[in-house]
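Please open the structure in your viewer and keep the selection tool at hand.

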Amino acid sequence: MINSEEANSTGPADSEVTQKIAVKIGAESQLSSKEQLNENKSSTLLKELNNLKIGDAKINFLLGNGNENWNTIVGFGSGKATELVNSFLSKLDPNEKTPRELAKLIKLPVKSSFLAFGFISDQVKETGDPKYISEILKKGFEPGGKALSALMLSTILFEQVAGKLKSEQNAELIVDIMQGQAESASLSSLLFSGLIKSFNKNILSRMDKKSSFKLLHEMASRLKDKKLDFHSFPINDLLSKVDANEIKQFNASQILALSNSSMSLDQKELILNKFFAGESKTSISGRWTPENQRQLFRTLLKRHLSEFGKVFSLKEKTESSQKFDWTNLFSGAMRVAGMSASLRNASLGN
């Protein structure tokens with residue numbers, strides 16, 4: 001006969017089973033609540049999207065709160081998500097369709113960002129504005145951007161409009177990309193530098209001699225108040241297309257701006273040799289002064305002091321018959337570089 005107390009008692013094993021059941025029920029309850037919350041959120045978002053009128057939509061709606069709204073849209077499944085994204089983007093405020101604003105979409109999660117790329121592509125083909133490309137690259141290389149996605153999308157967009165771009169647009173596109181790279185803190189990878197150089201080379205290959213000169217002219221003009229990244233640009237290919245007669249059209253401020261750029265000394269020498277080739281004191285005096293010459297070599301020494309010998313040789317080749325008091329200038333620079341008096345005198349021919 002079983003004692004009633006024994007019948008009502010529970011052993012350790014029974015207690016453990018009871019706890020597991022309670023935990024399972026609690027987890028299922030939490031899951032059910034979470035699913036209900038997600039359903040409510042999806043329902044609310046769907047209603048909000050359907051009620052939008054043309055001009056109401058803002059890009060930041062998709063990017064806010066860690067892309068929460070975007071992730072909810074993607075959760076509807078590929079077909080429905082595509083429909084919702086296209087509907088939303090078609091209702092953008094006109095100001096939100098500018099290259100700078102629309103390029104923000106490159107920061108969407110890589111796996112689902114393709115849903116918005118079709119709309120960007122349509123805008124590029126419709127407007128023929130290459131600034132969408134440079135802005136996408138710029139946003140892609142900013143902290144938090146998607147560099148590879150930006151590069152791939154920009155390549156596709158460029159191929160779509162390459163045949164329609166004017167030479168001035170190609171030149172401005174390249175310079176915009178170079179400026180964006182110079183201002184970006186994230187483009188330090190040798191791989192991406194090489195990929196961007198290849199992309200720029202693709203654009204440059206479609207430019208003739210005349211438009212190549214316009215490109216170098218645009219670079220010189222932009223350098224007066226902006227920085228450009230020359231490390232991932234095929235500058236030698238560009239310089240091979242521009243002859244001396246064209247470079248002689250540059251003014252002193254443009255030549256000085258190019259001398260202060262991040263180009264290598266050898267590349268600057270190519271430009272300077274063409275600028276000074278065949279010039280005399282009389283022929284160049286109207287656009288190049290002794291002070292310009294001094295400023296040029298102060299800049300070259302400051303940027304390329306480790307190549308002092310080449311700078312000194314370049315000075316000998318580019319100075320005209322004018323007297324510039326080079327001895328004091330170079331002697332002072334050599335003194336700063338730590339060269340002894342005897343070595344300075346020997347180098348300067350004294």
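The stops below cover cavities, a pair of packed helices and an aromatic pair.

**Before starting**

Keep in mind that this is a predicted model.

**Stop 1: the largest cavity**

How many cavities of 30 Å³ or more does the structure hold? There are two of them. Begin with the largest cavity, whose volume is about 40 Å³. Select Ser134, Leu137, Lys138, Phe141, Asp176, Ile177, Gly180, Gln181 and Ile196 to display its lining. Now colour α7 (131-141) and α9 (167-183), the elements that each give two or more residues to this lining. By type, the lining residues of the largest cavity are four nonpolar, three polar and two charged.

**Stop 2: the second largest cavity**

Clear the selection and pick Ile255, Leu258, Ser259, Lys268, Ile271 and Leu272, which line the second largest cavity. Two or more of the lining residues come from each of α14 (252-259) and α15 (265-276). The volume here is about 40 Å³. Four nonpolar residues, one polar and one charged make up this lining.

**Stop 3**

Two packed helices are described by the angle between their axes and the distance between the axes.

- on α15: Leu265, Asp266, Glu269, Leu272, Asn273 and Phe276
- on α18: Lys310, Val311, Leu314, Lys317 and Thr318

Together, the residues of this contact divide into five nonpolar, two polar and four charged.

**Stop 4: an aromatic pair**

A search of the whole structure finds six aromatic pairs. For one of them, select Phe61 and Phe88 and show their side chains. The rings are 5.5 Å apart, centre to centre, with 25 degrees between their planes, and the pair is stacked. Which parts does this pair tie together? Colour helix α3 (residues 60-74), where Phe61 lies, and helix α4 (residues 78-90), where Phe88 lies. The two phenylalanines sit in separate helices, so the pair ties together parts that are 27 residues apart in sequence.

Definitions and conventions
Residues are numbered from 1 along each chain as its sequence is written. This is a predicted model: local features need pLDDT of at least 70, side-chain atom pairs count only at pLDDT 80 or more; totals for chains, interfaces and linings use all residues. Side-chain values use heavy atoms; hydrogens and water are left out. On a 1 Å grid over the protein atoms alone, a cavity is a set of points where a 1.4 Å probe fits but cannot get out, and a pocket is an open set with protein on both sides within 12 Å along at least five of seven lines; lining residues have an atom within 4 Å of a point. Grid points are joined across faces, edges and corners, and a volume is the space filled by probe spheres set on the points. Helices (H or I, at least four residues) and strands (E, at least two) are DSSP runs, numbered from the N terminus. Ala, Val, Leu, Ile, Met, Phe, Trp, Tyr, Cys and Pro count as nonpolar, Asp, Glu, Lys and Arg as charged, and the others, Gly among them, as polar. Contact means heavy atoms within 4.5 Å. Rings of Phe, Tyr and Trp (its six-membered ring) pair if their centres lie within 6.5 Å; planes under 30 degrees apart count as stacked, over 60 as edge-to-face and the rest as tilted.
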